[in-house]
Amino acid sequence: MANNNKKNNKMSLEEAGKKGGNTTARNHDQEFYEDIGQKGGKTTAKNHDQEFYEDIGQKGGESTAKNHDQEFYEDIGQKGGKTTAKNHDQEFYEDIGQKGGKTTAKNHDQEFYEDIGQKGGEARSRQRKNNGNS
């Protein structure tokens, strides 16, 4: 079918889309793309429920995991941590620490705390041993 279009000097759908996209890119700035992105996001939010976002989030996460290694996740984690540190003060970290502590306490029992305490003590002991401090 593509050959048919070439004989009649017609563009394929793919070629027409690419040509239109290139023309749009030449004629519009970043603000244009931000505006249409916001409009599209609002329309999508209006037409879809939480399950839709969970599904596409899971698919995106699985695809990213297939295409990237641990180093990728370490890099984006560091970038995110630096950006968060730049944008927030000590009070922010105190608040999220308290929220995390309350949630952890609600979801775990005394045995959990005994286990992590023991692991922390063992790690500290190994660290002192490796540093030559008994």
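The protein carries 22 positive and 24 negative side chains, and the centres of these two sets lie 8 Å apart. In this count Lys and Arg are taken as positive and Asp and Glu as negative, while His and the chain ends are not counted; the place of a charge is NZ of Lys, CZ of Arg, CG of Asp or CD of Glu. The model is predicted, and local features need pLDDT of at least 70, side-chain atom pairs count only at pLDDT 80 or more, and totals for chains, interfaces and linings use all residues. Residues are numbered from 1 along each chain as its sequence is written, and side-chain values use heavy atoms, with hydrogens and water left out.

**Overall form**

The protein has seven helices and zero strands, where helices (H or I, at least four residues) and strands (E, at least two) are DSSP runs numbered from the N terminus. Along the sequence this gives the pattern α-α-α-α-α-α-α. The radius of gyration of the protein is 26 Å, well over the 14 Å that the globule rule gives for 134 residues, so the protein is more spread out than a compact globule; the radius is taken over C-alpha atoms, and the rule is 2.2 Å times the number of residues to the power 0.38. Along the principal axes, the C-alpha atoms fill a box of roughly 85 × 35 × 30 Å.

The accessible surface of the protein comes to about 12300 Å², and 48% of that surface belongs to carbon and sulfur atoms; such areas come from the Shrake-Rupley method with a 1.4 Å probe. Buried residues make up 1% of the 134 residues, where buried means under 20% relative accessible area, exposed over 50%, and partly exposed in between.

**Aromatic pairs**

A search of the whole structure finds five aromatic pairs. Rings of Phe, Tyr and Trp (its six-membered ring) pair if their centres lie within 6.5 Å, with planes under 30 degrees apart counted as stacked, over 60 as edge-to-face and the rest as tilted. Among them, the rings of Phe-32 and Tyr-33 have centres 5.2 Å apart and planes at 80 degrees, so this pair is edge-to-face. The rings of Phe-72 and Tyr-73 likewise have their centres 5.2 Å apart and their planes at 80 degrees, so they too form an edge-to-face pair. The table gives the accessibility of these residues.

| Residue | Relative accessible area | Class |
|---|---|---|
| Phe-32 | 26% | partly exposed |
| Tyr-33 | 37% | partly exposed |
| Phe-72 | 26% | partly exposed |
| Tyr-73 | 35% | partly exposed |

**Individual helix residues**

Thr-23 is found in helix α2, which covers residues 13–27, and is partly exposed because its relative accessible area is 30%. The side chain of Thr-23 reaches the backbone oxygen of Lys-19 at 3.0 Å.

Helix α7 spans residues 110–130 and includes Glu-111, which counts as partly exposed because its relative accessibility is 49%. The C-alpha atoms of Glu-111 and Thr-83 are separated by 36 Å, and the two residues are 28 residues apart along the chain. Asn-130 is also found in helix α7 and counts as exposed, because its relative accessibility is 68%. The C-alpha atoms of Asn-130 and Asp-89 are separated by 35 Å, and these residues are 41 residues apart along the chain.

Terms used
Buried < 20%, exposed > 50% of the residue type's maximum accessible area, 1.4 Å probe, protein only. Polar contact = N/O pair within 3.5 Å; in protein donor to acceptor, adjacent residues only side chain to side chain.
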